[in-house]
Amino acid sequence: MRKIVILLMGAVVTTMFAMARKVEITTPGTTLLLSAPEGGSLKYLYYGEKLKATDVKSVIEVEKAKNDVYPAYGLSCQREAALAVKHSDGNMTLDLRVAGVAEKKETDYTLTRITLKDKEYPFTVDVCYKAYSTVDIIEMWSEITNGEKKAVVLNQFASAYLPIRRGNVWLSSLYGKWANEARLCEEPLNPGMKVIKNKDGVRNSQTAHAEVMFSLDGKARENTGRIIGAALCYSGNYRLTIDTDESDWHHFFAGINEDNSTYNLRSGETMVTPPLAVTYSNEGASGASRNFHKWGRKYRLANGDKLRKILLNSWEGVYLNIKESEMYQMMEDIASMGGELFVMDDGWFGDKYPRNVDNSSLGDWVVDKRKLPHGIEGLLAEAKKKGIKFGIWYEPEMSNTVSELYEAHPDWVIKAPKRDLVLGRGGTQVVLDLGTPKVQDFIVGLFDDLMTKYPEIDYVKWDANSSIMNHGSNYLTADNQSHLYIAYHQGFENVCRRIRAKYPDLTIQACASGGGRVNWGVLPYFDEFWASDNTDALQRVYIQWGTSYFFPAIAMASHISATPNHTTHRSVPLKYRIDVAMSGRLGMEMQPKDMTDEEKDLCRRAIADYKEIRPVVQHGDIYRLVSPYDNKGLASLMYVDEMKQKAVFFWWKTEHFYDQHFPRVAMAGLDATKSYRVREINRIDKKPLAFEGKVFTGEYLMANGLEIPYNFDLDWHKRTDLCSRVLYLEEVK
Ligand code: GLA
């Protein structure tokens with residue numbers, strides 16, 4: 001963690017309050033009110049719906065500031081703490097007092113920095129808030145500075161703490177596993193501890209997620225009710241803890257996972273913890289999601305304002321069997337269906353050790369000329385001929401013990417001294433030690449070489465398919481081995497920052513064995529993520545539903561794949577597969593030469609229609625309507641553009657039984673006073689639906705919805721099970 005803060009302080013301070021009593025931090029719809037008496041403790045007064053001046057005044061008088069904003073260990077040992085240290089003289093306590101408040105207004109946000117100083121030790125914590133003036137998000141983090149002469153040991157160093165008043169609070173969080181990521185879990189918060197954590201070292205969103213929502217009014221509803229949402233913007237190990245103790249509060253702490261990561265803060269060093277983005281909405285879980293999405297697209301996601309291309313990825317089509325002729329054929333097929341980009345996945349590299357199986361070659365990023373005699377030049381030329389762009393797969397943080405890279409630099413991998421390596425994928429995969437500057441230069445160099453040689457490369461799929469399994473770094477000193485995980489992610493971020501500074505327009509996908517890197521820590525450097533290796537459309541409804549709680553459709557790669565599905569072996573109608581993929585960033589992931597002309601035709605029409613609805617899906621506001629997790633037999637959501645002139649409505653059955661009854665789905669997010677014409681997209685029925693081309697008011701659609709036929713109207717031999725619908729609504733003036 002760099003020593004930048006003290007300098008920054010001098011530069012950014014515009015206002016210094018000698019006797020600050022309250023700090024009012026606001027966004028368009030929310031207020032965070034703190035009590036900050038000079039020399040006293042920094043306490044919470046209020047967080048929630050925006051307060052009027054009258055209420056601010058009364059709240060300050062009436063509310064007893066009970067909870068510390070950044071609880072520190074040592075003088076109230078019985079409570080959970082955000083910060084726990086051991087000073088250089090062995091003292092385990094902190095007594096942090098308000099020393100100053102600085103506020104700096106920028107165009108789109110206000111930065112508030114409250115400096116807490118220990119009463120006896122030259123040890124300070126800046127509690128920082130970045131409150132946006134355009135969206136209801138406040139980013140919170142701490143900056144911990146050691147002014148003592150020797151190192152201070154940080155045992156706990158949360159980004160932020162937030163007390164949530166007990167009542168009928170429910171927690172929504174995401175959990176899962178490879179190919180079943182982002183499952184929604186909704187539960188009441190009961191006495192005791194709820195811990196959500198990650199210890200993978202590399203992939204931090206496969207088993208659980210660093211984002212949560214608290215519903216203050218019982219189980220969260222989608223479009224009504226009060227929600228506090230929180231997303232830790234970090235790519236590494238994290239821990240979210242909710243302690244429901246004997247008090248009136250649920251105590252929520254979020255930050256880097258300190259397990260096996262004790263940090264020795266050098267004299268003069270500052271640790272800047274990752275931001276926790278917090279939102280409040282009285283429009284239910286979807287309202288909180290909209291806040292995260294808007295903030296993400298505008299301020300945190302790489303190229304969040306640009307539309308994403310429709311692509312074909314080669315993985316499920318050919319796996320590692322890359323052949324030049326087949327790459328050319330796949331390009332031809334996707335171009336003929338109206339796609340805009342072809343991505344060649346794993347299997348294209350390796351000279352001494354060809355990547356034929358997943359047990360070798362990572363790190364040897366040279367084209368395997370046996371598979372691709374005309375190299376990347378040939379692929380780029382072919383793509384150009386077809387009028388599409390070309391992208392390529394990389395796994396730059398990794399190597400295999402069977403590789404030229406490992407032979408040359410065995411000391412670059414993460415390994416415990418005196419121990420045999422525990423190996424990953426293919427029985428040979430190892431993780432490079434990204435905390436090492438030489439390794440960082442190697443990865444940046446790879447990109448530089450590639451992009452300098454082939455500036456036409458448009459897209460990179462950046463994969464990461466291993467955990468950190470061996471605790472040991474050749475670069476870190478013996479005393480600082482506990483910095484391994486933090487150093488890895490600092491190194492990773494350095495690499496990403498350097499690459500992005502040079503190649504801002506390159507599209508980069510964050511993939512990590514599927515949905516292992518779906519977090520707001522990486523997205524400033526990545527345009528999108530691969531939500532899961534599971535492309536089964538039915539299971540994707542659940543995965544994408546959970547993912548949409550915190551992440552926008554523009555970033556959620558969602559591909560049409562073959563049937564039966566390669567992971568679940570379920571057969572799902574092509575229309576359904578298309579209809580699910582179209583609710584995210586549409587792509588394909590199959591060998592198109594195995595498709596019939598009729599299937600290709602349906603995809604061609606879908607791609608053309610997606611181009612029309614793309615701005616609404618990718619830049620619009622989400623309104624989730626019926627959750628697949630509520631077991632109603634269907635799921636439904638919609639996107640509405642900012643001006644409420646256009647909307648796309650998705651409806652997917654999640655079960656199929658004869659004579660089953662589904663609820664009629666009322667829409668949301670439309671303008672009640674506007675009228676909309678309805679058009680079905682991807683129609684395969686023999687006849688148009690009854691409401692095709694008809695005009696309805698937003699008021700009617702939001703009160704009643706439309707009666708969606710449960711099954712496709714097809715000739716008997718073409719009938720299938722899972723039915724789905726996509727409706728496009730356009731304002732009629
Ligand atoms: C990971 C990714 C897949 C694919 C393979 C290639 O599993 O999630 O999409 O790229 O690696 O080996």
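Me: Which side chains meet Asp630 in a salt bridge?
Reply: The side chain of Lys219 does, at 3.1 Å from N to O. A salt bridge here is a side-chain nitrogen of Lys or Arg within 4 Å of a carboxyl oxygen of Asp or Glu.

Me: What sort of model is this?
Reply: A predicted one, where local features need pLDDT of at least 70, side-chain atom pairs need pLDDT 80 or more, and totals for chains, interfaces and linings use all residues. Residues are numbered from 1 along each chain as its sequence is written, and side-chain values use heavy atoms, without hydrogens and water.

Me: Where are domain 1 and domain 2 in the chain?
Reply: Domain 1 is 2-300 and domain 2 is 623-732. Those bounds come from an automatic or database domain assignment. The two centres, taken over C-alpha atoms, are 40 Å apart.

Me: How many residues of domain 1 are in contact with domain 2?
Reply: 10, and they meet six residues of domain 2. Contact means heavy atoms within 4.5 Å.

Me: What area is buried between domain 1 and domain 2?
Reply: About 740 Å², with 40% of that from carbon and sulfur atoms. Buried area is the accessible area (1.4 Å probe) lost when two parts are put together, summed over both.

Me: Which residues in domain 1 lose the most area to domain 2?
Reply: Leu184, Glu222 and Arg290. Together they give 47% of what the domain 1 side buries.

Me: How many salt bridges are across that interface?
Reply: The rule finds two between domain 1 and domain 2. It also finds seven residue pairs in polar contact there, both residues at pLDDT 80 or more. A polar contact is a pair of N or O atoms within 3.5 Å; within protein, one must be able to donate a hydrogen and the other to accept it, and sequence neighbours count only if both atoms are side-chain atoms.

Me: Which strand and helix each supply at least two residues of the domain 1 side?
Reply: Strand E12 (183-188) and helix H3 (284-300). H3 gives the largest share, four residues. Helices (H or I, at least four residues) and strands (E, at least two) are DSSP runs, numbered from the N terminus.

Me: New topic. Is Tyr488 buried or exposed?
Reply: Tyr488 is buried, at 0% relative accessible area. Buried means under 20%, exposed over 50%, partly exposed in between (1.4 Å probe, protein chains only). Tyr488 sits in helix H9 (residues 484-502).

Me: What does Tyr488 touch?
Reply: Beyond four places in sequence, its contacts include Gly201, Val202, Met398, Ile414 and Arg517. Glu397 is also one of them. The side chains of Tyr488 and Glu397 make a polar contact of 2.7 Å.
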